[in-house]
Amino acid sequence: MGNYWLAALGLMLVLEGIMPFLFPSSWRETLRKVSQFQDGQARFIGLTLMLCGVLLIYWIQ
């Protein structure tokens with residue numbers, strides 16, 4: 001079970017690193033825009049991403 005967590009963490013880090021590696025200026029601008037979101041907007045996006053992740057995990061099992 002621990003190996004799955006480490007593999008998932010490694011995959012997350014690879015996916016998170018693709019944008020700043022390939023498109024650093026666009027990534028920086030996107031972060032600037034995201035930092036200006038209201039708390040409610042950021043929470044809604046976070047909730048939506050978590051639900052999509054849970055559904056994806058459920059779907060692949």
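Predicted model: local features only at pLDDT ≥ 70, side-chain atom pairs only at ≥ 80, totals over all residues.
Residues are numbered from 1 along each chain as its sequence is written, and side-chain values use heavy atoms, with hydrogens and water left out.

View 1. Reading from the N terminus, the elements run α-α-α. The radius of gyration is 15 Å, well over the 10 Å that the globule rule gives for 61 residues, so the protein is more spread out than a compact globule. (The radius is taken over C-alpha atoms, and the rule is 2.2 Å times the number of residues to the power 0.38.) The C-alpha trace spans about 35 × 30 × 20 Å along its principal axes. Helices (H or I, at least four residues) and strands (E, at least two) are DSSP runs, numbered from the N terminus.

**View 2. The surface and the confidence of the model.** Of the 61 residues, 0% count as buried; buried means under 20% relative accessible area, exposed over 50%, and partly exposed in between (1.4 Å probe, protein chains only). The accessible surface comes to about 6,000 Å², with 72% of it belonging to carbon and sulfur atoms. These areas come from the Shrake-Rupley method with a 1.4 Å probe, and for residues only the protein chains shown count as cover. Mean pLDDT, the predictor's confidence in each residue from 0 to 100, is 92 for the protein, and 100% of its residues reach 70 or more.

**View 3. The largest pocket is lined by 14 residues.** Closest to its centre are A8, L11, G53, L56 and I57. Helix 1 (2–22) and helix 3 (39–60) each supply at least two lining residues, and helix 3 gives the most, with seven. By type, the lining divides into eleven nonpolar, two polar and one charged. Here Ala, Val, Leu, Ile, Met, Phe, Trp, Tyr, Cys and Pro count as nonpolar, Asp, Glu, Lys and Arg as charged, and the others, Gly among them, as polar. On a 1 Å grid over the protein atoms alone, a pocket is an open set of points where a 1.4 Å probe fits, with protein on both sides within 12 Å along at least five of seven lines; lining residues have an atom within 4 Å of a point.

**View 4. L31 sits in helix 2.** At 42% relative accessibility, L31 counts as partly exposed. Its C-alpha atom is separated by 17 Å from that of F44, 13 residues apart along the chain.

**View 5. R43 and W59 both belong to helix 3.** R43 is exposed, with a relative accessible area of 64%, and W59 is exposed at 68%. The C-alpha atoms of W59 and M19, 40 residues apart along the chain, are separated by 26 Å.
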